[in-house]
Each structure stands twice: as C-alpha cells, then as structure tokens.
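Hello,

Here is the structure I promised to pass on. Please have a look at it, and then read my notes below.

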Amino acid sequence: EVLSISTIEDKAEKLGQAYIYGYSKDFNDHYVARIKNITKAQLVAAAKKYLNEDKLVLTILRQSWTTF
C-alpha cells in the first residue's frame, strides 16, 4: 500500500499533513482509492495541461566508476 500507516506516530503525522494542506481528516483513508480510479482520459488531460515539452529537462544518472 502506498500510504501504509503502521504506528500511531505515522497516523498522527498523516493526519497533521492533511490538516496543514487543508484536506479533510479522512483524506488519507481514501487517497489510494481515488488514485486508482483515475481514468486514462483524466491522466492525458492533466498531462496536456501541466506538462510542457518546450520546458522539458532531461536528466541522465549514471554510475560513477571512481573508487575512493
């Protein structure tokens, strides 16, 4: 589960974050289900709205062969 809450401290932290960001107190209880229900059309629409190919930054991460 993406949003695993295993201790009371985890639950308090997630509840506090929801409060800080202005979400309802049951936000975390329904978060994963809402993500799973996103349709392909909704995802494509969001990508078209927020992703701009002209501002794309390509980053390449490669292993360093230098030893210390």
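**What I found**

Just after H1, glycine 22 takes a positive phi of about 80 degrees. Before going further, please note that this is a predicted model, in which local features need pLDDT of at least 70 and side-chain atom pairs count only at pLDDT 80 or more, while totals for chains, interfaces and linings use all residues. Residues are numbered from 1 along each chain as its sequence is written, and side-chain values use heavy atoms, leaving out hydrogens and water.

The protein chain has three helices and zero strands, running α-α-α from the N terminus on. Helices here are DSSP runs of H or I with at least four residues, strands are runs of E with at least two, and both are numbered from the N terminus.

H1 has 13 residues, which at 1.5 Å a residue should span 18 Å; its end C-alpha atoms are 18 Å apart, so the two agree. That expected span is 1.5 Å times one less than the number of residues.

Which residues of helix H2 are buried? They are Phe27, Asn28 and Val32. These cover an arc of only 135 degrees around the axis, so they sit on the same side of H2; the arc is that of the directions from the helix axis to the C-beta atoms. Buried means under 20% relative accessible area, exposed over 50%, and partly exposed in between (1.4 Å probe, protein chains only). Asp29 and Lys36 are exposed on the other side of H2. The buried residues of H2 pack against helix H1 (8-20), with contact meaning heavy atoms within 4.5 Å.

Tyrosine 23 is in the loop between H1 and H2, and counts as partly exposed because its relative accessibility is 43%.

Finally, the whole chain: 7% of the 68 residues of the protein chain count as buried. The protein chain exposes about 7100 Å², with carbon and sulfur atoms supplying 58% of it; accessible areas come from the Shrake-Rupley method with a 1.4 Å probe, and for residues only the protein chains shown count as cover.

Best wishes
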